[in-house]
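Me: Could you walk me through the charged side-chain pairs in this one?

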Amino acid sequence: MKVPVIALILSLTALNAPAQTDIPKLSLQQVAPGIYVHQGVHELPDSHNRGEIANIGFIVGQRCVAVIDTGGSPEQGHALRSAIESITTIPICYVINTHVHPDHIYGNIAFKQPGVSFIGHHKLAEAMAMRAPFYQEKAERDLGFSLKIENFVPPDHSVRDTLVLELGARTLLLRAHKTSHTDNDLSIYDAQTKTLWLADLLFMGHLPVVDGSLNGWLATIEQLKTIDAKLAIPGHGPVSADWPGALEPEERYLKTLQSEIRAFIKDDKTMEDAMENVGLSARDDWQLFDEFHKRNISTAFAELEWEDD
């Protein structure tokens, strides 16, 4: 009786995972010893790129591997897992979701298996639950694939302040930040190589996107500058060895928004006025400026008009 049961289990497993030949290859760069990054593209998520636009990757210790963000589609998650297994036989023990945005979490389901713990900001589970219905609708409409509620894998362990993960001769320090890019941002610091994985707390080339707090993000940038890092990994754009210089373009853009919007509010001008006039000097500095800049002004204006009350 044992053989048929085993055969049934194997067949069910095969049905629940894509065939190995169907998994696309994922380009990876080893940016520091044991640290691998797939660099995304500066594009809007659509059915062509299937939302696979963010930087994702993993860190290898002697005991286990920590995945950092899983990609913009379930297929990209499987591609990342396949790439890890082609590079090392060391098992995956953690999946760290840096924040709730789709291009960073839609590959989660590929890693949901025994022995793997999901880690996230203490506000991440709530953010996932609130956004899941909209994200499901948007994925089917814009990205060309369907998502089930099971695709939104919440953290098994949440980070309220800091959390230390031991990978075996490699220690990661995870920090939960106050509302910045979103209200659920995590950063990861690898002490061995002094690599700071910032995800969307740092944008390089791609216009920064404010989905949380403009003032909070600028305060977080001040804190990040004090970290002794040699390498910074953004959520979008190339890995940078210029630290904290890598933060300067982003900080300059956000401060421009802050100062110009405050001036508009002081002069009793409307949000519509601000959206047509604020920050235009930065257009040539960023890709996807026209796609996200007005949205940033809208979010920031709503925050700043109440800051003195």
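Reply: In this predicted model, D190 forms a salt bridge (a side-chain nitrogen of Lys or Arg within 4 Å of a carboxyl oxygen of Asp or Glu) with R170, and their closest N and O atoms are 3.0 Å apart. Because D190 sits in strand β10 (residues 186-190) and R170 in the loop between β8 (162-166) and β9 (171-176), the pair ties together parts that are 20 residues apart in sequence; strands here are DSSP runs of E with at least two residues, and helices are runs of H or I with at least four, numbered from the N terminus.

Me: Is D190 buried or exposed?
Reply: D190 is buried, at 1% relative accessible area, and R170 also counts as buried at 4%, where buried means under 20%, exposed over 50% and partly exposed in between, with a 1.4 Å probe and protein chains only.

Me: What does K294 pair with?
Reply: K294 forms a salt bridge with E276, the closest N and O atoms being 3.2 Å apart. K294 lies in helix α8 (residues 289-304) and E276 in helix α7 (residues 271-277), so this pair links parts 18 residues apart in sequence.

Me: Which residues are linked in a network?
Reply: Salt bridges link E137, K138, R141 and D142 in a network, and within it D142 and R141 have their closest N and O atoms 3.1 Å apart.

Me: How many salt bridges does the structure hold?
Reply: It holds 14 salt bridges.

Terms used. Residues are numbered from 1 along each chain as its sequence is written. This is a predicted model: local features need pLDDT of at least 70, side-chain atom pairs count only at pLDDT 80 or more; totals for chains, interfaces and linings use all residues. Side-chain values use heavy atoms; hydrogens and water are left out.
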